[in-house]
Amino acid sequence: EILKRAKEYGIRLLGPNCLGIFCPKSGLSFGYDFPKEPGAVGAIVQSGGNSTDLIHFASLRGIRFSKVVSYGNALDINQNDLLEYFLQDPETGIILCFIEGLRGSGKTFLELLRKAASLKPVIICKGGRTRAGARWTLSHTASLAGSAKIWETAIRQAGAIPSRDIDELVDMAVAFYLMPPVRGM
């Protein structure tokens, strides 16, 4: 009913079951202790708890964010909308993703991922890779965990970089954030 009403009035919805948007440049934050300085890393995070962990862990390592969006169950706005936004955002040079389960078109996601990865480093952590993680993901955002190998192969074929967990996601973000851009191959 909420989505129906929002569409009637041309309103887009973020969530439910999310924390929202962190944008240091504008002062918008869902955490009282997040860094105030903007940076070049954008993040798309399905889990609210993981979005705060990502911001805290990364900020301790010197990472600063352009924006972080926690989008939850994706009733309307999903990872495809956010990936399209971040690939066009001039303030974002690196895109991080923590995705429990795709919402909307998987084909569109891979097309957008391919386009984004051709312009900026895109690093993706898939939640629910272990048996326990799959049970948690199902209960958390009602996302089914598929084959980790299929997911990783699709991500690599699109030109993005898969990560195993939040720690590795942060490690890779630090490497891309601090290294000069790679020229040629």
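Which backbone nitrogen does the side chain of S70 reach at 3.0 Å? The legends below treat this point and others in a predicted model.

View 1. The side chain of S70 reaches the backbone nitrogen of L19, at 3.0 Å. S70 is buried, because its relative accessible area of 0% lies under the 20% limit for a buried residue. Leaving out residues up to four places away in sequence, S70 touches L14, C18, L19 and G20, and also V45, Q46, S47, G48 and S51.

**View 2. Strand β3 and its partners β1 and β2**. Strand β1 (residues 20-22) runs antiparallel to β3 and is joined to β3 by 3 bridges; within this pairing, F22 has V68 as its bridge partner. Strand β2 (residues 41-45), by contrast, pairs with β3 in the parallel sense, over 5 bridges. Here I44 stands opposite V69. From β2 the chain passes through helix α2 (residues 48-60) to reach β3, and this β-α-β crossover is right-handed. Strand β3 (residues 65-70) is largely enclosed by the rest of the structure, because 6 of its 6 residues are buried. In a regular strand, side chains alternate between the two faces of the sheet.

**View 3. The largest nonpolar core, with 23 residues**. The residues with the most contacts inside this core are I44, L83, I95, F109, L113, V122 and I124. Two or more residues each come from α3 (79-88), β4 (94-99), α4 (106-119), β5 (122-126) and α6 (148-157). Helix α4 gives the largest share, 5 residues. In soluble globular proteins, nonpolar side chains tend to be buried together.

**View 4. The contacts of F109**. Apart from its neighbours within four places in sequence, F109 is in contact with Q79, N80, L83, I99, L102, I124, W151 and I155. A second, separate core of 22 residues includes L54, L96, I123 and L169.

**View 5. Helix α7 (residues 166-178) and its covering elements**. Helix α7 has 13 residues, and the distance from its first C-alpha to its last is 18 Å, close to the 18 Å expected at 1.5 Å a residue. At the start of the helix, a side-chain oxygen of D165 comes to within 3.2 Å of the backbone nitrogen of D167. The buried residues of α7 are I166, E168, L169, V170, M172, A173 and V174. Among the elements that cover these buried residues are α2, β4, β5 and β6 (161-163). An α-helix has 3.6 residues a turn, so residues three or four places apart point the same way.

Note on methods: Residues are numbered from 1 along each chain as its sequence is written. This is a predicted model: local features need pLDDT of at least 70, side-chain atom pairs count only at pLDDT 80 or more; totals for chains, interfaces and linings use all residues. Side-chain values use heavy atoms; hydrogens and water are left out. Buried means under 20% relative accessible area, exposed over 50%, partly exposed in between (1.4 Å probe, protein chains only). Helices (H or I, at least four residues) and strands (E, at least two) are DSSP runs, numbered from the N terminus. Two strands pair if DSSP finds at least two bridges between them. A crossover is right-handed if, with the strands pointing away from the viewer, the path from the first strand over the helix to the second runs clockwise. A nonpolar core is a set of buried Ala, Val, Leu, Ile, Met, Phe, Trp, Tyr and Cys residues joined through side-chain atoms within 4.5 Å. Contact means heavy atoms within 4.5 Å. A polar contact is a pair of N or O atoms within 3.5 Å; within protein, one must be able to donate a hydrogen and the other to accept it, and residues adjacent in sequence count only if both atoms are side-chain atoms. The expected span of a helix is 1.5 Å times one less than its number of residues.
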